[in-house]
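I opened this model to look at how two of its chains meet. These are my notes, in the order in which I looked things up.

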Amino acid sequence: MISVPVNKTLLRLTKRRKTHKKAFGAVPGQLVHHEGSVNGQIRVIHFDSKTLDDRIVDSVGDLAGYAASETTTDETAAPRRKGVTWINIDGVGDIEKLGELSRLFGIHPLAMEDVVNVHQHAKLEFFGDTFFFVARMPSGADGFNTEQVSLFLIDGVVITIQERPGDCLEPVRYRIANKLGRIRRRRSDYLAYAIIDAIVDGYFPLLDQYSEKLDEAGTLLENGGDRSLPLHLHNIRSDLLLIRKVVNQHRVALNEILRDEAEIVGPDTALYFRDCQDHIQQLMEAADTDRETCGELRELYFAMLGEKNNDVMKVLTIIATIFIPMSFVAGIYGMNFDSDASMLNMPELHWAFGYPFALALMATMAGGLLAFLYRKGWLA
Amino acid sequence: MISVPVNKTLLRLTKRRKTHKKAFGAVPGQLVHHEGSVNGQIRVIHFDSKTLDDRIVDSVGDLAGYAASETTTDETAAPRRKGVTWINIDGVGDIEKLGELSRLFGIHPLAMEDVVNVHQHAKLEFFGDTFFFVARMPSGADGFNTEQVSLFLIDGVVITIQERPGDCLEPVRYRIANKLGRIRRRRSDYLAYAIIDAIVDGYFPLLDQYSEKLDEAGTLLENGGDRSLPLHLHNIRSDLLLIRKVVNQHRVALNEILRDEAEIVGPDTALYFRDCQDHIQQLMEAADTDRETCGELRELYFAMLGEKNNDVMKVLTIIATIFIPMSFVAGIYGMNFDSDASMLNMPELHWAFGYPFALALMATMAGGLLAFLYRKGWLA
Amino acid sequence: MISVPVNKTLLRLTKRRKTHKKAFGAVPGQLVHHEGSVNGQIRVIHFDSKTLDDRIVDSVGDLAGYAASETTTDETAAPRRKGVTWINIDGVGDIEKLGELSRLFGIHPLAMEDVVNVHQHAKLEFFGDTFFFVARMPSGADGFNTEQVSLFLIDGVVITIQERPGDCLEPVRYRIANKLGRIRRRRSDYLAYAIIDAIVDGYFPLLDQYSEKLDEAGTLLENGGDRSLPLHLHNIRSDLLLIRKVVNQHRVALNEILRDEAEIVGPDTALYFRDCQDHIQQLMEAADTDRETCGELRELYFAMLGEKNNDVMKVLTIIATIFIPMSFVAGIYGMNFDSDASMLNMPELHWAFGYPFALALMATMAGGLLAFLYRKGWLA
Amino acid sequence: MISVPVNKTLLRLTKRRKTHKKAFGAVPGQLVHHEGSVNGQIRVIHFDSKTLDDRIVDSVGDLAGYAASETTTDETAAPRRKGVTWINIDGVGDIEKLGELSRLFGIHPLAMEDVVNVHQHAKLEFFGDTFFFVARMPSGADGFNTEQVSLFLIDGVVITIQERPGDCLEPVRYRIANKLGRIRRRRSDYLAYAIIDAIVDGYFPLLDQYSEKLDEAGTLLENGGDRSLPLHLHNIRSDLLLIRKVVNQHRVALNEILRDEAEIVGPDTALYFRDCQDHIQQLMEAADTDRETCGELRELYFAMLGEKNNDVMKVLTIIATIFIPMSFVAGIYGMNFDSDASMLNMPELHWAFGYPFALALMATMAGGLLAFLYRKGWLA
Amino acid sequence: MISVPVNKTLLRLTKRRKTHKKAFGAVPGQLVHHEGSVNGQIRVIHFDSKTLDDRIVDSVGDLAGYAASETTTDETAAPRRKGVTWINIDGVGDIEKLGELSRLFGIHPLAMEDVVNVHQHAKLEFFGDTFFFVARMPSGADGFNTEQVSLFLIDGVVITIQERPGDCLEPVRYRIANKLGRIRRRRSDYLAYAIIDAIVDGYFPLLDQYSEKLDEAGTLLENGGDRSLPLHLHNIRSDLLLIRKVVNQHRVALNEILRDEAEIVGPDTALYFRDCQDHIQQLMEAADTDRETCGELRELYFAMLGEKNNDVMKVLTIIATIFIPMSFVAGIYGMNFDSDASMLNMPELHWAFGYPFALALMATMAGGLLAFLYRKGWLA
């Protein structure tokens with residue numbers, strides 16, 4: 001039966017939407033431990049164009065050195081610190097640790113609340129001078145799931161807080177470690193860009209998975225298809241719509257960065273954010289063409305199914321049509337006209353070759369009909 | 001039957017359009033009490049970056065303090081007042097109160113008329129220096145309904161007049177109360193933006209409702225669907241079109257603000273209005289993809305229905321096709337050829353095993369046909 | 001039959017196109033009295049921010065006062081006249097009057113020819129310094145018809161010449177009379193904008209008519225539809241395409257104004273023309289979604305029709321399928337096997353309960369089949 | 001049969017594409033006389049704002065006066081010549097004449113080769129300072145055919161070389177002759193624009209032809225349609241696609257002009273090229289909506305055909321269904337149960353009114369069925 | 001059977017995607033010899049506006065002269081070298097040669113790795129000051145295959161490394177050799193543009209191939225089509241999607257160039273890159289309309305197939321329907337009512353002309369039915 005697959009997906013969809021909605025209407029100012037999130041480690045990468053320091057830190061207190069020189073300095077007057085610091089925290093389960101971090105870097109409690117309530121949609125917010133970006137990172141091996149990454153840009157420090165350990169930010173770390181590209185020569189706003197870009201690029205393999213699913217659906221179709229195919233395609237299409245929606249949220253949020261460019265990110269970094277939007281555009285177009293392919297495959301399935309059904313009906317109807325005239329002849333000679341009453345009344349019944357004649361007549365009719373159908377090319 | 005759902009919706013659509021049209025051709029200069037609107041309270045929020053004063057005021061006379069310094073001052077020469085005042089009035093039922101307000105703040109009678117005639121479409125108008133924005137706020141728990149919110153921006157004062165009590169502006173009040181974001185540090189044009197943005201964002205949960213309706217329609221489809229589904233989907237689609245239309249009116253009106261930016265809203269606030277337009281764009285895209293999903297579900301419904309019908313027809317035709325050759329055999333042996341006239345005339349009738357032979361012949365034909373159909377895979 | 005509605009519309013379409021084409025290839029320089037156009041009155045509205053003079057003038061000679069100071073003055077050297085003059089002429093039937101006007105205001109004969117040949121498409125042209133705009137104004141209560149409005153902007157004077165009396169410019173006159181908006185404080189280019197904008201806005205009620213027609217088509221569909229529906233929808237769709245085309249001509253012409261902004265309209269008035277283009281965009285989008293709805297309703301109609309047909313076929317096939325096995329049994333016992341030849345040959349014929357047995361057998365087969373169909377849910 | 005129309009068009013399409021492709025891979029530097037091109041006359045129009053000289057010239061040598069002052073002058077240092085010269089040559093058959101022209105005006109041999117090889121697609125090229133534009137002008141009364149127009153802009157001289165005599169440039173000549181618009185007051189770049197614009201505008205009547213073909217197809221559909229309609233529409237659609245492609249080539253080439261505006265065309269003339277692009281946009285949109293209408297008409301055709309087929313099948317099935325129960329009754333009373341064996345065995349056979357009873361039973365069944373179908377509304 | 005074509009294509013698609021993916025996750029810093037790549041020659045073209053030197057070089061060492069003056073010079077301070085050098089290497093099989101090249105010109109090892117791992121998607125990267133562009137060049141006569149071209153722009157030197165010998169860059173070499181266009185007067189950034197543009201233009205003939213395939217599919221359709229057509233069209237469509245995807249990658253990469261214009265390519269060369277994007281736009285539109293045509297042809301195929309099936313069913317049903325009433329008459333006179341019991345019981349059986357009467361009755365019924373069908377136009 002066709003019921004199971006759709007049911008699960010729709011439930012999944014509904015659930016996702018519900019949690020999103022809850023995020024909209026969350027009671028403000030209250031830290032709630034979100035079920036399933038894991039408490040993880042703190043990793044600090046500090047670098048400038050020449051030096052690099054990458055280490056795991058035990059407690060938030062160890063971060064004091066990075067924060068102090070920042071939050072106590074008047075941003076505009078003081079000379080910019082040379083280095084860039086990236087603090088990454090895996091998991092939002094340890095509320096106390098996050099609270100401590102919040103106090104240390106002067107993060108607004110409402111922002112911290114959004115960090116912990118991991119069902120935000122991608123957005124940009126400003127709390128005072130703090131640039132706060134919420135991104136959704138694709139996560140999990142199977143199907144479409146996202147994990148929330150909260151990113152703060154506070155002067156020279158970038159803080160990322162992930163919902164779960166494991167991310168798609170390795171290329172960024174690799175580029176920092178290997179002095180690749182511009183990342184070591186630029187400031188913290190470029191690091192923020194690099195992280196957001198890596199998250200956005202993480203959607204490419206996800207879309208590739210869906211492309212492969214569509215390839216498999218194509219192969220299935222080639223082997224005649226299967227009744228669950230239309231609903232399977234509908235599910236893929238729904239997931240693609242959802243990906244498109246999430247990716248589009250990033251686009252809108254990046255637009256806001258680009259508008260505010262003068263204040264937070266420099267005009268040169270703004271250029272890179274435009275590249276990032278190009279990638280988003282590419283993702284959205286890819287999702288759209290895949291969605292279109294879904295529709296195309298479904299139509300192909302129904303068209304091929306219809307063709308098959310037509311074949312069945314045609315064969316059955318041909319069989320019936322061949323027998324009907326023969327049955328008519330049999331009906332004729334089953335009539336009870338009284339041969340005694342007249343010479344005209346069914347003399348065939350008393351012919352010596354009456355029965356063979358009738359059978360031959362039937363065979364002729366069937367043969368003629370078959371010849372007609374064959375000549376028309378309808379027996380192929 | 002399918003008649004009821006469409007009827008109601010179409011009536012609803014027609015009604016809405018008619019009232020819109022009436023608004024176009026309203027007799028100018030005449031205040032009419034609109035049926036169903038409620039007379040509500042006056043709430044004044046006055047704030048600057050440090051102080052906040054939020055209270056319910058009994059009569060329009062109590063507002064004199066806020067208006068006086070404004071309307072009597074030459075705008076360009078006098079120094080700008082520090083604070084921002086937001087006057088909100090719930091309900092447009094008390095014509096006298098609104099008239100008093102109009103005189104106090106120097107609002108043009110024709111603008112006041114639009115306030116009372118609550119079927120305006122979203123628009124921007126200028127009456128002298130008064131910035132007058134009409135927004136449509138989604139309202140009501142079920143289906144698509146909007147309520148008119150009229151917003152005046154007169155120097156440092158923002159006046160909002162709502163059709164009914166209850167709104168989606170709580171987030172704005174919350175941000176003012178909690179000094180969140182930039183709202184307390186900016187001027188009245190930013191407040192106007194924040195209110196319009198909150199109204200626009202109020203369409204997101206509405207669209208979520210329609211997404212859920214589509215999910216439910218998907219679940220219904222999974223359980224085999226129901227004859228009213230196509231028309232139900234048509235109704236959802238019509239509502240989505242209407243939402244798109246209303247939201248688009250806001251986009252056009254905001255475009256006019258952006259063109260006039262130098263005069264009313266500062267260039268920095270204009271940036272925020274662009275964010276607002278991004279949200280509108282997102283709403284419109286969401287409405288479009290939902291509409292597309294409507295079409296997709298309808299096609300899926302009809303395709304699945306067609307498939308089911310094909311199954312029925314196939315089974316019936318198979319049954320008929322099996323009996324037709326058997327009937328033919330029966331017809332043969334129902335013929336009345338005279339066995340006495342010749343040895344060739346139906347000798348089977350006189351065989352000892354004639355009848356079993358005939359039955360066996362029939363069974364063979366039916367069995368052969370079934371085997372053929374089975375081998376073709378048409379019995380599945 | 002379905003022929004009548006399409007026939008008329010197609011004729012109408014063809015006719016419209018033909019007249020458009022004639023306009024393309026008109027013999028230049030020759031004033032032709034166009035059949036059906038009416039000779040109307042001349043109305044002059046002269047205003048500045050303080051004074052207003054609105055009157056009906058008998059002859060073109062009375063306009064000399066407005067033209068004299070204009071055409072004899074060197075535009076760049078002389079100080080701009082304070083007031084704005086709007087001369088409106090209803091009807092293009094009085095060739096002499098128009099010729100006189102042409103001489104008075106120095107209008108190029110080729111422009112005058114376009115005024116009289118009322119099948120121009122919307123366009124912008126320049127004859128020397130004369131700004132000449134041809135607009136198409138929706139006209140007539142039923143269906144899609146347009147009337148040509150020719151607008152000249154010659155320094156401080158705006159001349160509009162309409163094909164027929166009756167227009168959608170009342171809102172402009174009202175705003176002038178009541179000092180509404182900016183119209184009294186701005187120059188003649190703003191008046192030209194206001195008139196063109198009012199003409200464009202005149203398409204909104206027209207599109208509303210088509211939306212209502214679509215609603216009615218929806219209601220018709222709900223009551224089962226009617227064979228003429230697809231062609232009726234095709235006609236609506238063709239009209240919408242035509243509206244879109246005409247409106248798009250205005251958009252292209254306005255684009256040319258915006259490019260030339262420095263020369264004719266000031267940069268501030270150009271902003272308003274952009275608003276006007278927003279409205280055109282809105283019109284085109286509305287026409288597009290209505291066209292889409294046409295397609296949707298047609299598909300819905302055919303899908304519902306197909307469903308109904310399927311129902312008919314199913315019922316008929318069920319009836320046939322029930323009788324076929326019963327007829328087979330009757331065929332069996334109509335065979336003529338010789339019971340005397342063997343005990344095996346149709347002993348049932350001689351049973352005491354043979355006939356009831358046969359009838360019971362038939363009833364059982366029919367009942368079994370019905371039960372099968374019922375259990376499958378195919379009798380619903 | 002349906003084969004003829006498609007065959008021709010497809011051949012035509014393929015041929016066109018092939019020649020285009022040949023143009024891509026043409027051997028460079030070799031002048032080939034193209035079959036079918038005609039050797040035509042040379043017409044020179046020389047004008048400035050006051051004087052006009054229009055005459056037919058016998059040989060290229062007579063053009064020396066126009067070329068000399070141009071090619072021998074240093075462009076940047078020398079003062080611009082007052083007048084504008086337009087040299088038009090009909091036909092590319094006289095290779096020697098073209099070679100002479102090429103030497104006289106210093107046209108690059110490779111450009112000249114493109115002129116002669118008349119299957120170029122529309123493009124802009126620069127050979128040194130020579131602006132070389134290849135346009136495709138619609139030509140021929142029936143169907144979609146284009147002729148190549150090569151345009152050189154060499155300082156004050158515009159040279160156009162047409163594939164065949166006859167063009168759509170009369171409006172340009174008329175405007176020059178009658179001092180209409182700006183053409184007499186502007187320089188040679190404006191003339192180049194006016195010519196290109198006239199060529200682009202030449203596609204409007206062509207598209208009108210296709211619109212009329214669609215109208216005729218609509219009329220055909222109204223009269224029940226015809227089996228060749230779908231392929232006829234497919235052919236129209238293919239032509240529209242080709243028009244769109246050709247027109248789009250002009251758009252891309254014009255884009256390149258606009259990018260290079262500073263070098264060749266002045267910024268003020270660039271504005272007019274933007275108008276030209278607006279027209280191309282309009283053409284492309286018109287082609288798109290016509291293509292859409294093709295699809296719509298085809299769907300309508302198949303839907304109406306399907307409806308007609310459904311009617312046929314329904315009527316046939318109703319006839320069959322009415323006879324089946326009656327045949328069943330006849331089958332019953334054709335059974336051979338032995339009335340002698342029992343009172344229960346077919347006593348009806350021996351009733352006095354047995355036969356009338358059977359006939360009445362049949363009539364009742366047929367009538368009941370008809371009544372049922374009538375009540376259901378299926379006999380309509 | 002329909003299985004073979006789809007299978008191959010889908011495998012091909014999957015394979016391609018897989019290799020792309022591998023490229024994403026390639027282990028960095030490791031040179032792998034890619035199977036199938038060929039070791040080719042080194043060709044150096046050095047030119048300025050006056051001189052040209054084009055030769056085949058044996059070893060990388062011979063390139064030292066071109067590199068030395070570049071990499072040792074401080075780019076900003078030193079005067080720009082006059083000439084432009086284009087080094088082209090066919091094949092990426094000789095790892096050592098490439099390593100030597102990398103050291104000579106200071107190319108980053110990670111870039112070199114991308115050169116060798118020939119499954120990169122088109123992209124722009126910066127390694128220090130080195131501009132590194134990866135393009136995908138259409139290659140191979142049959143179907144859609146691409147070859148990787150890696151392009152480095154290092155001050156005055158352009159290095160291109162191709163996956164295989166054979167390219168579509170001849171037009172560039174021709175223009176250099178013949179001083180055509182601007183190429184000899186411009187710097188290395190213009191050469192880089194010319195090469196990338198030639199690669200992009202290489203997709204036009206590829207798309208033409210697909211257009212021809214669609215023409216052939218149209219011809220096939222005209223001859224009645226073939227069961228493999230829908231899947232064949234699906235494959236063409238998939239290839240077009242892939243082309244679109246690859247071409248779009250170039251568009252995104254070019255966007256990045258345009259953003260960085262100030263740093264690498266001059267503002268004047270940026271203009272040319274915009275032309276290149278116009279071509280990409282044209283390619284993408286062409287691919288889109290071809291894809292649309294795929295859909296159109298498929299629909300046409302299924303519609304024509306459906307029509308043919310309907311014809312078959314109609315003819316068969318007509319045959320059946322004609323025999324059914326005749327069989328009914330035969331059934332009537334096969335009834336066994338006892339004529340002895342009553343005068344009313346089937347007196348026809350004993351009429352002298354009973355049998356001819358029955359046959360005539362049958363013929364009348366069949367004839368009447370045929371006449372009815374003929375009058376309805378259903379026999380056509």
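The model is predicted. I began with the charged pairs and counted eight salt bridges between chain B and chain C. One salt bridge I looked up joins the side chains of R298(B) and E299(C), at 2.7 Å from N to O.

I then turned to polar contacts. Between chain B and chain C I found 21 residue pairs in polar contact, with both residues at pLDDT 80 or more.

Next I asked which elements of chain B give two or more residues to the side that touches chain C. They are α1 (3-24), β4 (123-127), α8 (229-259), α9 (267-332) and α10 (354-376). Of these, α9(B) gives the most, with 19 residues. Sorted by class, this side of chain B has 38 nonpolar, 15 polar and 15 charged residues.

In chain B, 68 residues are in contact with 61 residues of chain C. The two chains bury about 5,700 Å² between them, and 60% of it is on carbon and sulfur atoms. On the chain B side, R259(B), L316(B) and Y355(B) lose the most area to chain C, together 13% of what that side buries.

Last, I checked a record for chain A. The unreviewed UniProt entry annotates residues 312-333 and 353-374 of chain A as "transmembrane region". In the model, residues 312-333 of chain A are 95% helix and 0% strand, with the end C-alpha atoms 33 Å apart. Residues 353-374 of chain A are 95% helix and 0% strand, with the end C-alpha atoms 31 Å apart.

Definitions and conventions:
Residues are numbered from 1 along each chain as its sequence is written. Chains are lettered from A and ligands numbered from 1 in the order in which they are written. This is a predicted model: local features need pLDDT of at least 70, side-chain atom pairs count only at pLDDT 80 or more; totals for chains, interfaces and linings use all residues. Side-chain values use heavy atoms; hydrogens and water are left out. Contact means heavy atoms within 4.5 Å. Buried area is the accessible area (1.4 Å probe) that two parts lose on being put together, summed over both. A salt bridge is a side-chain nitrogen of Lys or Arg within 4 Å of a carboxyl oxygen of Asp or Glu. A polar contact is a pair of N or O atoms within 3.5 Å; within protein, one must be able to donate a hydrogen and the other to accept it, and residues adjacent in sequence count only if both atoms are side-chain atoms. Helices (H or I, at least four residues) and strands (E, at least two) are DSSP runs, numbered from the N terminus. Ala, Val, Leu, Ile, Met, Phe, Trp, Tyr, Cys and Pro count as nonpolar, Asp, Glu, Lys and Arg as charged, and the others, Gly among them, as polar. UniProt positions are given in the numbering used here, feature names are shortened, and annotations may be inferred rather than shown by experiment.
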